[in-house]
Amino acid sequence: MYIPHIIARACTTSTIASTSTGAPAPDPSASSPAPAPEPTAPVPPPVPAITDFDWSVPEAWDKPNVPTGYGDLQGTVQDAINGLRDYWSDPNAVEYTWDVGTTLSALAYKDTVASTRDNYDYVKAALQHAKDHDGNFDPFAYNDDSQWWGTTAMYAHRAYGDQEFLDWAIDVWNHVAPSQITEDQANQGMHPLRPNPIQGQCNGKSTAGGVFWRAEQSDRTDMDVNVITTSLFETLSAYLAEATGDQKYLDAAKAAYNFIVAHMLQDSPNIPIDTLKMADCGTNNWIFTYNAGKFIEGTAILAKLTNDDGMKEQLFRTINDAVKHTDNWQNAQGHITEGRAATLRKVAPTDSIYLRALTETYRRYYDMPSMRDLLRTYVAIQWQSITSNDRNGNKYGIVWSGPYTEAAWGQANVLDALVAGLEMNWAR
């Protein structure tokens with residue numbers, strides 16, 4: 001049975017101006033009839049307004065009371081990062097795994113939110129260490145692995161401005177891009193990185209845009225396209241399109257988005273499932289926070305770049321369902337519970353990825369106060385639980401609701417929740 005990598009290995013549009021199709025009004029002073037108007041093309045129907053989603057905070061949710069001062073918030077987050085560095089003291093000795101890669105994102109993201117450079121040296125050294133080991137950040141031949149590191153390089157570029165970080169993100173994109181299925185490849189039912197035929201259509205829809213889970217340097221027998229690999233590519237491509245203005249990145253992001261919408265979204269809740277099997281169109285219908293999170297993050301960027309109302313509609317629907325209508329990873333009081341078994345000594349940082357995506361959306365859609373109020377409350381619930389129940393000084397454990405049990409991976413997984421709290425609760 002297929003087990004998702006995260007478990008197995010830790011386990012424009014143009015706005016078309018409306019034109020009138022009516023005949024011109026006759027001129028009463030004219031001595032001859034007005035000429036008949038030239039035929040015009042039909043006016044496209046108006047794009048429906050974006051759904052007015054219910055962003056109200058559920059009554060059953062906890063009513064958190066968290067700090068709003070920059071000093072308290074920023075200090076708590078940086079202390080937690082310093083606590084992680086007690087476990088990972090040498091950036092030149094960190095592991096090359098995907099979960100280390102995404103955890104490093106929180107360090108750069110915190111410096112972006114707080115306008116600091118507290119973690120620059122550590123982030124730079126750790127990324128350089130992994131880059132020196134494998135130029136594509138992919139020693140295990142998984143396209144998602146390399147993209148966690150590549151996206152961290154993108155966050156570092158945004159936080160610190162180094163061109164080298166952007167170059168490393170581009171290296172990762174170039175490494176993964178050949179694994180994205182093109183329209184021609186879907187039409188032919190063959191892909192140059194797979195010896196066996198692929199399904200060019202599933203349920204009557206093209207499979208173009210999907211990204212294979214296993215990388216070019218693998219044995220090329222795995223035929224699965226999963227949502228995390230494809231949404232990571234959507235996200236990385238969208239960031240690169242924003243940073244460089246290069247159309248190829250925008251095209252790649254759109255293709256990945258279209259694939260996910262066509263093949264990987266449940267109707268209710270409107271959350272992406274895990275896997276589409278390119279050998280036979282079979283699916284794995286599991287849903288996880290990190291899958292939803294990366295799709296949300298990529299779409300938040302892409303919808304802003306394109307100003308596409310359809311993408312915005314999809315973004316808001318998925319956020320609303322993820323936060324309010326999905327009981328797979330949270331309880332009725334609004335507490336995230338995914339992967340919270342007290343017996344675990346290592347937990348994949350799935351919730352961090354999800355909360356980072358909500359933070360990115362919050363930052364980009366500042367003009368939506370109702371949505372932002374919901375997200376702020378949701379994040380504040382996690383902040384209060386973590387800092388009140390799962391903490392010993394600057395150390396944090398696995399179970400956010402407590403009791404605290406020391407664990408390095410518990411420490412890693414709280415960082416993005418705390419960064420989200422800094423962004424959303426800071427009273428500017």
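## A bridge between two strands

Asp-224 has Lys-277 in β4 as its bridge partner. β3 and β4 run antiparallel and are joined by 3 bridges. Two strands count as paired if DSSP finds at least two bridges between them. Strands themselves (E, at least two residues) are DSSP runs, numbered from the N terminus.

This is a predicted model, in which local features need pLDDT of at least 70 and side-chain atom pairs count only at pLDDT 80 or more, while totals for chains, interfaces and linings use all residues. Residues are numbered from 1 along each chain as its sequence is written, and side-chain values use heavy atoms, leaving out hydrogens and water.

## The sheet around it

Now step back to the sheet. Its 3 strands are arranged in the order β3-β4-β5, with antiparallel pairing, and the sheet is open. At the edges are β3 (224-226) and β5, each of which pairs on one side only. Strands of a sheet pair through backbone hydrogen bonds, either parallel or antiparallel.

## One disulfide

How many disulfides does a search of the whole structure find? It finds 1, where a disulfide means a pair of cysteine sulfur atoms within 2.5 Å. The partners are Cys-202 and Cys-281, with an S to S distance of 2.0 Å. Because Cys-202 sits in strand β1 (residues 201-202) and Cys-281 in the loop between β4 (275-277) and β5 (283-284), the pair ties together parts 79 residues apart in sequence. The link is left-handed, with -85° about the S-S bond.

Are the two cysteines buried or exposed? Cys-202 is buried, at a relative accessible area of 1%, whereas Cys-281 is partly exposed, at 24%. Here buried means under 20% relative accessible area, exposed over 50%, and partly exposed in between (1.4 Å probe, protein chains only).

Key. Helix = DSSP H or I, 4+ residues; strand = E, 2+ residues; numbered from the N terminus.
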